[in-house]
Amino acid sequence: MIQFKNFSAAFGERKILQELTFSLPANSITSIIGASGSGKTTLLRVLCRMNDRIENFRIEGSVFVDGMDVYRPGTDVYALRRKVGMIFQKPCVFPKNIIDNVIFGVRKKISKKDYPDVAEKVLREVFLWEEVKDRLGEKATTLSQGQQQRLTLARTLAVGPEVLLMDEPTSSLDPKSTAAIEKLVQSLKNRHTILWVTHQHDQAQSIADQVLVIEKGQVLPLSVPIVRPAKPASFTSVLQNVQGYPE
Amino acid sequence: MKAGFGRGLFGTHHSEPVGWVFAAMNFIFFLCAVGLGLFLVVESVPILRSEGWGFLLGENWWVGETFGALPMICGSLIVTGLAIFLVLPVALSGALFTSEYLPSSFRRRVKGIMELLAGVPGIIYGLLGVSFLTVGVKDVLNLLDGNTLFTAGFLLAIMILPTVLTLSEDALHSVPSEFREAAESLGLTKLQIALWVVLPQSLPGIVGAVLLGIGRAMGETIAVMLVIGSLDRVPGFNLFVSGQTIPSKLGREAVEALGSGLHWSALMGLGLTLFIMVAVLTFFGNLFVRRSSQ
Amino acid sequence: MNAITAEKMVLAFIGCVTFLIVALLFSILAIMFIKGLPAMHGGFLFDESRDFGRAGGIFYQSAGTLILMGVTVLWSLPVALGSVLFQTEYLESGKFKTFLTQLTYILNATPTILFGLVGYLFFGVYLEAGVSWVTGSLILAVMILPTLQVSIREAVEALPEKYREAGMALGLSRPAQIWRIILPQSFYGMVTGVLLGLARAAGETAAIMFTATTFSGIRFPQSFSDPVPTLQTHILVLAQEAANPESIAQAWGAGLVLLGLVFLLTLAAWAFRTRMVMESEL
Amino acid sequence: MGRYQRGWIGLVLFLSIGSGSPPATNAGTGLRIQVVGSTTVLPVASRAAQKFMESSSSRILVNAGGSGVGIHSVAGGRADIGMASRAISQDEKKRFEKSHLKIYPVGLDAVACVVSSEIYQAGVRQLTPQQIAGIYLGKIRNWKEVGGPDRQIVVVDKERHRGTRHVFMQYIFGNASQRTPGTLLVTGSNNEEQAKIAQSDAAIGMLSFAWINDDVKAVSLLDQGKEILPTWETVRRGNYPIVRKLNFITAGEPKSEIKAFIGFVKGPEGQKIVEESGYIPIGNFQP
């Protein structure tokens, strides 16, 4: 589903990702961990070409999503982004009401009378429907942070992506909301390929099918599939085998 | 590394018609700005060819005989210089007080008033000038006549005061408060902090503000035209005589020469001179302002 | 004299200076009101001027100023908006962007009389629009272009990056991004720019005094090549008769109206700017 | 359609309505006649135009600028009628040969040498051309030297292309474009010059008779021992030396509407306006 081939990326002279070659299967959850500045976020962002606006961003090699070369000239970048949805660290809702936010990405693609149905469907998918069904006309900014994050997820799901990129989606949330999102992601796994960047090793371990450790722009060899549900040896002990990995 | 994906001027979006519309709009803007300068240059070629350097250095402007821009250039420099000389201490005092002493709600009010003042049309200042200032200057200084370079400089000082004040205040205010706190902890008084710490830090911004003020003063037409006396003579060192600035000359004679002939070319030559002076000032002004805000 | 006394004296001095500067605004306002109000007889705003402006009202002059202002913004807004969006959303070369920004600043500082000279030659002579409201508004449009651009650019650039990224991540095409995220979010900034541009156009005299206006014989322009009477040039003509009490009284009246118009626009611009700041803090 | 989008459309509508969208058609309106030039002739043209338009479909726009501007504009095709308070100079005749300028005198004016009322009150009632020349050349700097109070002279000159200056300098110096190093102040229109002289208490200047009032007094000219009073009486008798015709100028044969307007000004109604404006109707004067 997702494949990197000799892929490198750099901001000007500063290399961020170096010679990555690996692939990830469809319908699985991959956790990506690594220190700050190791290139995790960049790795996610190249998958939907979010760095196009950055002037000195350069790439080399290729990335494939579902067999499509992301950086091939002529690629329909908007179609790509609809196929590869991204959730950010801080929930970003537009200053509009809830339902407008949910259908923001598909407003022109479906007819107006379908708005409520589509909204209900995706809101149910993110377990938000019961909480907001009576206040769909209210401003989305009145929701709690955890609700907002689920709302952005619903907004992305409405577009119908195959791949979901999640850039530390729970780092600004309280434990309860975090748990809700984690549970939600598990339920989405059947239909989506999910990449989840996180800081927290235990989170990475508990939700993911495989863990990718990035350091200084390179994927460390220990990126192992986690056999579930059987608990592996404590993740930190695996890490101890890797030299130089910061605790 | 490979060239990436269609970098360069038009990015990846050759196929977006909307983008081309925007590009066209941008092109119009570009044409306006560049065309203005180009026009001035092209139109002033005849006068530069016929008068050479004499155009800039000549002391006489007699239509049909000789065109010398020196009286106007001197007038512009004197009037602008005087305006800055008058405005600087006042504006800096005001800026220092507003930035360092006034509580923020008052500060915003003062800034608002300055912004309103900055928008007062030149013609209103001109009206105030002919009704009060010329007569006032004449009576107070016991002059022969109140239409002088000094009057024009004074009026311009009032006109550019809000601009200079508010931009200098921005520069002072943008000095991070850590500097002030650090100095405070050393036992400096507020005034000492302002003069020794804040002022030096914000100097580029203040210089920029002054340069931008000069630019505005140099280009003002109407208000100056009404009070300066319109005499094309190199004024020497006496401020209390009539004179002429480049814009006031243009304002007075543009209609007569409109569109053709050597006279028109001479006026365009004056315009070009003014344009260059102001463009250079603005360029450095913005450079300083930006350096201070970084 | 010790340091504390010196400090207090300096403080008192610069405080006084600041007070005087603020007082300047109020004295200008006061003068305008004291001198201008006597001219404000019942029909001042709605009467035609008579006897070369020495009597009557300023109806057609006000109308002319409004026409020029409105048409000016109509020319200028699309160009300003388009070029800003091009520069912020499409253009990727940083150097060219800096160059264009420099151009904006230089255009902004260019003496207005030069717009009049060059504009008359280009629009009036080469494009054969003559001395007319079209020429005048085109000249003013070029003149206020930087004002609009700076305001709009500020608004667009103040837009938090997260909105932009959220839109991108949903796969919005660039035009959709502009229409649905950038324009709504920078709407108030744009209104601010338009209002400030209108104020600037309303206050301008030098650029239009020989390119767009006429002394007498015109009420409303009836064709594209007609000039208009304007408040600004009306005041200019009357101000040159500074010794004639009737003329100067009428000039103060017209001045008060013009100043009121400019202040009103500026204040409205503030109101919108405050609104913008509040919206973006949501 | 969101609130913002509605706002947008509103803004555009506001601007298009606010701009008034003046009717673009020319239908129903007559010819537009542009009259440009001398501020001396301006009141006549402006009043006459107002009167003329009551009974005509033509629209007459009148604009100031000075005689030079009037001649240039009409020769350059930027105006239909030029107003000039002087004759066309040799230089201009040569430059605009191709335009076939035609002159229509519509009235008569006299230019007076004027002084501030304070000076007049102090006893300066008459000046010789030599004295005036001395003042303008900067040789005489104090009113004392010409019989006035001990006060420096504020010498007010006019812009070089002004008709008033042409005839005045022609009489004083015999040279219409005489350079005057004594000048202290330069003004443009008659109104402006009048204002500056009135604001001063020691000024000398030149003004058309129509602008003379209580603050700005005309002095007699003392020419070869003969005192010439600045009155309409002396002008009418042909004794006053600084007299000029007020002219309308066209380039070539004018269109019928323009001709009609010129005819109107030269006719009885127009001549009445000339008189009301403070000038002498053209018919009354035989040089």
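These legends go with a set of close-up views of one predicted model.

Before you zoom in, note that this is a predicted model in which local features need pLDDT of at least 70 and side-chain atom pairs count only at pLDDT 80 or more, while totals for chains, interfaces and linings use all residues. Residues are numbered from 1 along each chain as its sequence is written, chains are lettered from A and ligands numbered from 1 in the order in which they are written, and side-chain values use heavy atoms, with hydrogens and water left out.

**View 1. A salt bridge inside chain A, A:D66 with A:K83.** The closest N and O atoms of this pair sit 3.5 Å apart; a salt bridge here is a side-chain nitrogen of Lys or Arg within 4 Å of a carboxyl oxygen of Asp or Glu. A:D66 is in the loop between β4 (57-65) and β5 (68-69) of chain A and A:K83 is in helix α2 (residues 77-83), so the contact ties together parts that are 17 residues apart in sequence. Helices (H or I, at least four residues) and strands (E, at least two) are DSSP runs, numbered from the N terminus. A:D66 is partly exposed, at 39% relative accessibility; buried means under 20% relative accessible area, exposed over 50%, and partly exposed in between (1.4 Å probe, protein chains only).

**View 2. D:R160 meets B:E65.** The N to O distance in this salt bridge is 3.4 Å. D:R160 comes from the loop between β6 (154-158) and α7 (163-173) of chain D, and B:E65 from the loop between β1 (61-62) and β2 (66-67) of chain B, so the pair joins two chains. B:E65 counts as partly exposed, with 44% relative accessibility.

**View 3. B:E115 and C:R273, helix to helix.** Here the closest N and O atoms are 2.9 Å apart. The pair crosses between chains, with B:E115 in helix α4 (residues 104-118) of chain B and C:R273 in helix α10 (residues 245-280) of chain C. Both ends are partly exposed: B:E115 has a relative accessible area of 33%, and C:R273 comes in at 29% relative accessibility.

**View 4. A salt-bridge network in chain A.** The linked residues are A:E120, A:R124, A:E130 and A:K133. Over all chains, the structure holds 35 salt bridges.

**View 5. Strand β6(D) and its neighbours.** Five of the five residues of β6(D) are buried, so the strand is largely enclosed by the rest of the structure. D:V154, D:V156 and D:K158 point one way, while D:V155 and D:D157 point the other. β6(D) runs parallel to strand β7 (residues 185-187) of chain D, joined by three bridges, with D:K158 partnered by D:T187. Strand β8 (residues 203-208) of chain D also pairs with β6(D) in the parallel sense, over two bridges, and D:V155 has D:I204 as its bridge partner there. Strands count as paired if DSSP finds at least two bridges between them.

**View 6. The second largest cavity.** Its volume is about 80 Å³. A cavity is a set of points, on a 1 Å grid over the protein atoms alone, where a 1.4 Å probe fits but cannot get out, and lining residues have an atom within 4 Å of a point. This one is lined by 13 residues, with A:M86, A:I87, A:F88, A:T152 and A:R155 nearest its centre. α6(A) gives the most to the lining, with four residues.

Note on methods. On a 1 Å grid over the protein atoms alone, a cavity is a set of points where a 1.4 Å probe fits but cannot get out, and a pocket is an open set with protein on both sides within 12 Å along at least five of seven lines; lining residues have an atom within 4 Å of a point. Grid points are joined across faces, edges and corners, and a volume is the space filled by probe spheres set on the points.
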